[in-house]
Amino acid sequence: MIYDLNPQQLKAVQEMDGPILVIAGAGSGKTRVLTARICHLIEKGVSPYNILAITFTNKAANEMKERIEKALGSSGVWTSTFHSMCARMLRRDADKLGYGKDFTIYTEQESDRVVRRILQNMPYVDPKKKGEFLWHISRAKTFAMSPDEYFDVIKEVDKEAEIVRTVYSLYEEELTRSNSMDFDDLLLKTVTLFEENPDVLEGYQDRFKYINVDEFQDTNRLQYKLVKLLSAKSGNLFVVGDEDQSVYSWRGADIRNILDFKKDFPEAKIFKLEQNYRSTTSILQAANNVIKNNSNRNKKTLWSDIRDENSVSYYEAYNDRDEAEQTARTIASLAAEGASYSDFAVLVRANSLTRLFEEEFNLNGIPYKVFGGYRFFERKEIKDALAYVRLAINPSDNDSLLRVINYPRRGLGENTVKELISVSAEQDMPIYDVLTSGVGLSSAVYKKLSVFKDIAQDLVKNAETMKPTAFVQFALRRSGLEDFLATSKDQEDVGRLENVQELVNAVSEFEKDNPELTLSDFMQSVALVSDADGMDEENYVTIATIHAVKGLEFDTVFIVGLEDGIFPTQRAIAEGDIEEERRLMYVAITRAKNRLFVFNARSRYRYGQTVYLPKSRFVGEMTGFRQSVRYTNSDYGEDRSDRIKLGANAERSRSVLKNSMSPQKPKAESGGNIDYSAFSVNVQVEHNKFGRGIIVETSGEGEDKIAAIAFKGLGVKRFVLAIAAPNLKIIRD
DNA sequence: AGAAGATAGCTTTTT
DNA sequence: GCTATCTTCT
């Protein structure tokens, strides 16, 4: 054993059999222990074939695989996430559950669209409740309940239980008809597969004699059930987790899985790892001071022997822009002293907070990447392109078909599509089959659809024979999508076309890396990628949500937007449930190795308005760090103009201007004169009922260049100047 | 049927 | 301030 372990780690690793729980504080060498255990098992004669390692992200799975291979020369250990493991098992035995092997995986976006279509046929239900239905469906599935079973449970407390049941069961019908599974299905149907087919379960039980689960605090009931089923025969279940880092309860993760592990397995051995190898003493002190305010946890105190002086600094910014500027300034100066950009991470509570940082980094020439928020494969044009591919692989996939049936435009109207949907439901037949057979369709509609029918059939035919890259290129051409984007007058479509070409590159790369895999494999990998999977070795600053960097570490971390109402969120405060927010703060702090910056802004733009939020209670809880508060008011006079790049907004602003002037008569009226370096112009402004300034009239030099001006200084909250000429500046505060 | 225009509603976090 | 969705116009 040469894994360089401390005594506690070593003990955990050497315990081979039975149920084992390792409580591993942040940075305490959790991954190292997991890897060492697997290597140890193999050295003691366990076949790699008999070992299963489940992680939270694909990236973590790949890294673990690599580490094991590095240590042992070769591997063969099955490492994957819950979802990809289930998908793989289900592909093999989908027929036993009445699914085809080429079932599509629906992400939340697709589930959302399905529910929306269902509600369109239920005019008495408020479509705004869509989110609630999705929540109910997911919860029901996590509890492994059918629509009827779930109805029985909630009927006493929810007066809409009946509607929930209806929507849930229509949703199930539509997914089944579409030969598709959502994320919850992947877990649920695997459990069902095991329960209905003991021989299948036993096959896996015999294979996976040693099961290892990382990030156990983030497992939900179904995931826990799965590992219990899989390990029932061997009894060897090794789980690693930290209840203080449980930040996915909103997605069904059940912290009791880890807190009650002893109850489920009275004979379980429990190990605690409290020495942190990542952060300095004062960073850990801050983390401990925050997390100790939580009550729902097993007490533990992280310690570190990495001494430091003052590695935590706090700064209260004048406003959100100052916060971003201060961040950029700090990074620039540390970089000038020799730090590399990849040493830095800017962590936010919500995606919407990343924008100013992007702007400031652009201005200062700081390379960065944003994680969290929109991902490449969630972009509209990519979804559109992939919908053709998915349809070709799984023609039953109604959602993909509906997504592209009239995109690019093929002259189909709402009524035509509606008829297709209702015939599909009546006949309980995928739309593709309705389309090709013509069953139940009026001849006028059938005729209108023939162009799309031919395309769809062509795609389905070729998907079987062509190689992935060739097929995607074919699909883009045959569908007319490529042509549509290339000839479009819409400026944004140029970028879309580039992204679609980027997709072709991605497929081609996938094909090169995995020559034996099919198009269907590629599509699966797409559905299950996570954000963190895209992180690489290049030299850039990471801007990310805290959730997206869980499990990672950075030399220097900025936690920004620390205001009550943002972090903790307004919702958490209102519901009196901030323990999870606090755990998130704990996760954020413990990402830092050597330097931690904690920022809040006294005022910030939200929702088009300036808001003043008190500094986060978590800042107060941190205590034991040296404050470095600095006020930079003088830099921010009322008339300060800011330089930001002109985006696609100029055109848009023009229409806002036009729109705003026509329908409602603004209430107040006033005028003003502004003089900036770029031009000088006289503006007449009226105020609408929201207090928003609207330009009524402009005159003077540069007038023809102004697309829109909402004006500040005339009793309006803010102003924006957008100028149509692309090389001029937008000036705004 | 499709484009342009007008409005409501929104901000957690994501495998 | 932005976008998704509804409404009106051609």
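Colleague: Which residues of α15 are buried?
Modeller: In this predicted model, a residue counts as buried if 20 or more other C-beta atoms lie within 10 Å of its own. By that criterion the buried residues of α15 are D320, R321, D322, E323, A324, E325, Q326, T327, A328 and I331.

Colleague: What covers the buried residues of α15?
Modeller: The cover includes one helix and several strands, the helix being α16 (355-364). The strands included are β9 (312-319), β10 (344-348), β12 (541-545), β13 (554-559) and β14 (592-606).

Colleague: How far apart are the end C-alpha atoms of helix α15, and what span should its 17 residues have?
Modeller: Helix α15 comprises residues 320-336, and at 1.5 Å a residue its 17 residues should span 24 Å. The expected span agrees with the distance between the end C-alpha atoms, which is 24 Å.

Colleague: Which residue with a positive phi follows α15?
Modeller: The phi in question is near 115°, and the residue that follows α15 with this value is G338.

Colleague: How are α2 and α3 oriented to each other?
Modeller: Helix α2 (residues 30-43) packs against helix α3 (residues 58-72) at an angle of about 45°, with the axes 10 Å apart. Angles of 65 to 115 degrees count as roughly perpendicular and those under 35 as roughly parallel, and α2 and α3 are therefore oblique.

How values were computed: Residues are numbered from 1 along each chain as its sequence is written. Chains are lettered from A and ligands numbered from 1 in the order in which they are written. This is a predicted model: local features need pLDDT of at least 70, side-chain atom pairs count only at pLDDT 80 or more; totals for chains, interfaces and linings use all residues. Helices (H or I, at least four residues) and strands (E, at least two) are DSSP runs, numbered from the N terminus. The expected span of a helix is 1.5 Å times one less than its number of residues. A residue is buried if 20 or more other C-beta atoms lie within 10 Å of its own, exposed if 12 or fewer, and partly exposed in between; C-beta atoms are placed from the backbone. Two residues are in contact if their C-beta atoms, placed from the backbone, lie within 7 Å. Axes are lines fitted to C-alpha atoms, for helices over the stretch in contact, and angles run from 0 to 180 degrees between N-to-C directions. Angles under 35 degrees count as roughly parallel, over 145 as roughly antiparallel, 65 to 115 as roughly perpendicular and the rest as oblique.
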